[in-house]
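Student: I am new to this structure and would like a close look at a single part of it, the place where the two chains meet. Could you start there and then lead me outward into each chain?

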Amino acid sequence: MGVGNRPAARSNVSLEQRAWNIRRKALLMGEVQGQGYIGQALGVADVLAAAYFHALAFRADDPEWEGRDRFLLSVGHYAIALYAVLMEAGILPEDELPTYGMDDSRMPMSGMASYTPGMEITGGSLGQGLGIAVGMALGLKRKRSPAFVYNLMSDGELGEGSTWEAAMAAAHHRLDNLVCLVDFNNQQADGHSTEMLSAEPLEAKWEAFGWHCQRVDGNDLAGVVAAFDAARALPAAKPRVIVFDTRMCKGVPFLEGREITHFVRVEADEWAKALAVLEEGRPQ
Amino acid sequence: MTLASMARKYEARTAPGADGTRLTTSAMIASLAAEGYDTVAAPFGHALVAAAARDERIVGLTADLSKYTDLHVFAEAMPDRFYQMGMAEQVMVSAAAGLAREGFVPFATTYAVFASRRAYDFIAMAIAEENLPVKIVCALPGLTTGYGPSHQATEDLAIFRGLPNMTIVDPCDADDIAGMVPAIAAHDGPAYCRLLRGRVPKVLTRHKPDYRFELGKASLVREGSDVLVIATGFMTMRALDAAVRLAADGVDVAVLHVPTVKPLDTATILAEAGKGGRLVVTAENHTVVGGLGEAVACALLTAGVTPTFRMIGLPDAFLEAGALQTLHDMYGLSADKVASQIKGWL
């Protein structure tokens with residue numbers, strides 16, 4: 001895929017700035033609703049910045065362009081984060097940001113394909129994205145397309161049996177055009193993922209299922225970019241997974257320091273404070 | 001402590017005596033062919049090969065049941081368009097959704113119990129909510145095996161009737177299946193199809209020579225002035241056979257075949273049931289909860305059409321294991337039992 005369809009490759013905006021912009025947009029949406037999966041959005045912003053502004057081929061003015069890399073949001077709860085990056089990428093108009101979560105918005109609280117340009121699937125029933133990704137990767141191979149399929153899932157989805165059915169299928173069918181992205185923030189509804197139903201040893205598990213596995217700090221942009229590059233360049237005829245260890249609420253220290261929960265509670269007056277704190281960390 | 005419902009397993013049984021014959025459970029899929037009708041081998045597999053030859057978008061997937069859903073015919077004819085997904089129904093239907101997203105028309109096969117019970121959330125969210133053209137084609141619908149509840153999909157129609165966007169077909173015979181395949185391939189949305197496989201009888205054209213399957217349409221396959229049976233699936237065959245027996249007793253039975261259970265052809269059903277003077281009976285290879293009978297009852301009552309109404313179907317229960325013939329007699333699906341039930345209601 002040529003540089004021409006990778007907007008970031010011809011942009012002079014740094015990935016640090018992109019990640020910061022994604023966090024800011026997510027906080028602005030959170031402020032609109034007074035709620036949202038803001039902890040996850042802040043945590044995964046670096047991964048999304050690297051995905052959309054380094055790895056993916058897409059056309060902002062044609063979200064269904066046949067040659068695009070597919071990005072599946074299996075974890076539909078992260079919609080607020082994806083809307084932020086879709087706006088940053090120019091796929092969604094930024095002036096719709098204040099409609100987030102409102103009636104008749106194109107940005108509902110949980111991600112759905114029928115509502116939002118750039119939202120490939122309806123996620124949210126966790127453990128479904130990877131199986132759909134398997135079918136899309138098979139379909140792209142049938143069409144002899146060089147496009148990749150990326151599936152973003154949460155660590156909680158590792159508990160779903162269907163994830164491992166899909167993992168077996170991807171390896172069996174040698175889907176080297178499939179990249180699974182696991183956001184490992186070690187947090188799910190009832191507590192730490194590793195204490196609910198541990199998926200460890202995770203790298204060994206993926207490798208035993210026939211995948212090429214990398215595990216990196218998901219808030220270290222240089223490392224995230226290198227992992228995307230390695231996943232794309234790997235010559236082996238096997239699917240690839242990158243496990244990103246991320247920090248909930250990354251970028252807003254007073255929220256990072258708070259007792260972290262799946263659905264971070266932010267008081268009404270704290271959104272402005274969070275935006276102000278983020279502003280202090282604006283990349284130079 | 002033994003649960004009351006399980007106490008019978010401690011009752012000893014005797015071997016059949018010299019005079020006694022006892023039917024035995026046949027292989028997984030018992031044949032419905034021994035009804036005095038000609039049969040066709042693997043009508044689904046051959047129809048899919050023919051449809052796929054005309055439409056390059058068609059691909060086939062199975063969850064380790066190609067031989068038991070007649071998809072092996074397609075797999076052998078078009079191996080590069082066939083995906084063996086292994087014993088993994090959730091990823092099979094999810095992958096079918098992904099293939100549909102990329103422009104293909106996937107036919108995914110398994111047993112009806114596994115599609116309706118195990119893969120339901122994936123069919124609901126990955127396929128139906130997106131209105132994707134995935135065709136789920138399932139063997140062992142209703143009571144078509146003696147293996148017991150693990151393989152008897154007695155509530156699959158009820159499950160899928162509740163799912164928006166889903167078209168549901170319950171074919172009666174080989175000609176229905178041959179007509180159904182190109183029709184659902186052309187339908188731009190998801191479909192759930194019950195399948196008869198192996199040697200499948202040709203029933204409908206014997207009773208109505210110009211019969212042709214039409215998606216979404218009911219068809220009057222026999223005229224009659226005393227009783228109207230509204231039937232789907234192979235119960236149309238049982239209703240027709242019962243009608244022949246009842247005719248010998250002077251009872252004149254009409255049979256309306258309803259191969260498409262959803263969307264229901266209410267116009268034709270209301271027109272026939274509204275003629276008046278006839279007992280109206282529904283007949284389905286499915287629990288009486290949530291299937292054709294209740295759908296017809298709702299349509300009639302809503303329209304203010306209120307004939308004397310009865311339902312033939314499986315009870316609201318987990319069914320026994322045994323020979324299919326024994327079970328069909330036990331639960332009222334055999335032609336004799338259909339005839340005797342109708343007679344009892346007149």
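**Where the chains meet, and what lies behind**

Tutor: Gladly! In the contact between the chains, 20 residues of chain B touch 19 residues of chain A. Please keep in mind that this is a predicted model. On chain B, the elements that give two or more residues to this side are helix H3 (89-101) and helix H5 (120-128). H3(B) gives the most, with 9 residues. Sorted by kind, the residues on this side of chain B are 12 nonpolar, 3 polar and 5 charged.

Now let us walk into chain B. Here you can find an open sheet of 7 strands with mixed pairing, in the order E3-E2-E4-E5-E7-E6-E12. Its edge strands are E3 (82-84) and E12 (260-262) of chain B, each of which pairs on one side only. From one strand to the next, the twist averages 20°.

Follow the chain on from E12 of chain B and you reach the loop between E12 and helix H10 (266-273), where B:Pro263 lies. The peptide bond that joins B:Lys262 and B:Pro263 is cis, with omega about -5°. As background, most peptide bonds are trans, and most residues other than glycine have a negative phi.

Two residues of chain B are worth a visit for their phi. B:Ala42 is not a glycine, yet its phi is positive, near 45°. You will find B:Ala42 in the loop between strand E1 (39-41) and helix H1 (43-54) of chain B. B:Ala42 counts as buried because 22 other C-beta atoms lie within 10 Å, where the cut-off for buried is 20 or more. B:Leu140 also has a positive phi, of about 60°, although it is not a glycine. B:Leu140 sits in the loop between strand E5 (135-139) and helix H6 (156-161) of chain B. With 27 C-beta neighbours inside 10 Å, B:Leu140 is buried.

Let us cross over to chain A. Chain A has an open sheet of 5 strands, in the order E1-E2-E3-E5-E4, with parallel pairing. At the edges stand strand E1 (70-73) and E4 of chain A; each has a single partner strand, so one side of each is left without a neighbour in the sheet. On average, neighbouring strands of this sheet are turned by 20° against each other, direction ignored. Within the sheet, E3(A) and E5(A) run parallel and are joined by 6 bridges. A:Val182 stands opposite A:Val243 in E5(A). Helix H4 (residues 129-142) of chain A packs on this sheet and touches E1, strand E2 (149-154) and E3 of chain A, its direction making about 175° with that of E2(A).

Another helix to look at is H8 (residues 221-233) of chain A. At 1.5 Å a residue, its 13 residues should span 18 Å, and this agrees with its end C-alpha atoms, which are 18 Å apart. Which residues of H8(A) are buried? They are A:Leu221, A:Val224, A:Ala227, A:Phe228 and A:Ala231. Seen down the axis of H8(A), these buried residues fall within an arc of 125°, so they line one face of the helix. The face of H8(A) turned away from the buried side carries the exposed residues A:Ala222 and A:Ala233. What covers the buried residues includes helices H1 (15-33) and H2 (38-55), along with strands E3 (178-184), E4 (212-217) and E5 (240-245) of chain A.

The peptide bond from A:Glu200 to A:Pro201 is cis, with omega near 0°, and A:Pro201 is in the loop between helix H6 (193-196) and helix H7 (202-208) of chain A. A:Glu256 belongs to helix H9 (residues 253-256) of chain A. With 16 other C-beta atoms within 10 Å, A:Glu256 is partly exposed. Leaving aside neighbours within four places in sequence, A:Glu256 is in contact with A:Arg247, A:Cys249 and A:Lys250. A:Glu256 and A:Gly43 are 213 residues apart in sequence, while their C-alpha atoms are 9.6 Å apart in space.

Methods: Residues numbered from 1 in each chain as written. Chains lettered and ligands numbered in written order. Predicted model: local features only at pLDDT ≥ 70, side-chain atom pairs only at ≥ 80, totals over all residues. Contact = placed C-beta atoms within 7 Å. Helix = DSSP H or I, 4+ residues; strand = E, 2+ residues; numbered from the N terminus. Nonpolar A, V, L, I, M, F, W, Y, C, P; charged D, E, K, R; others polar. Expected span 1.5 Å × (residues − 1). Buried ≥ 20, exposed ≤ 12 C-beta atoms within 10 Å, placed from the backbone. Arc of directions from axis to C-beta. Pairing = 2+ DSSP bridges. Axes fitted to C-alpha atoms, helices over the stretch in contact; angles between N-to-C directions.
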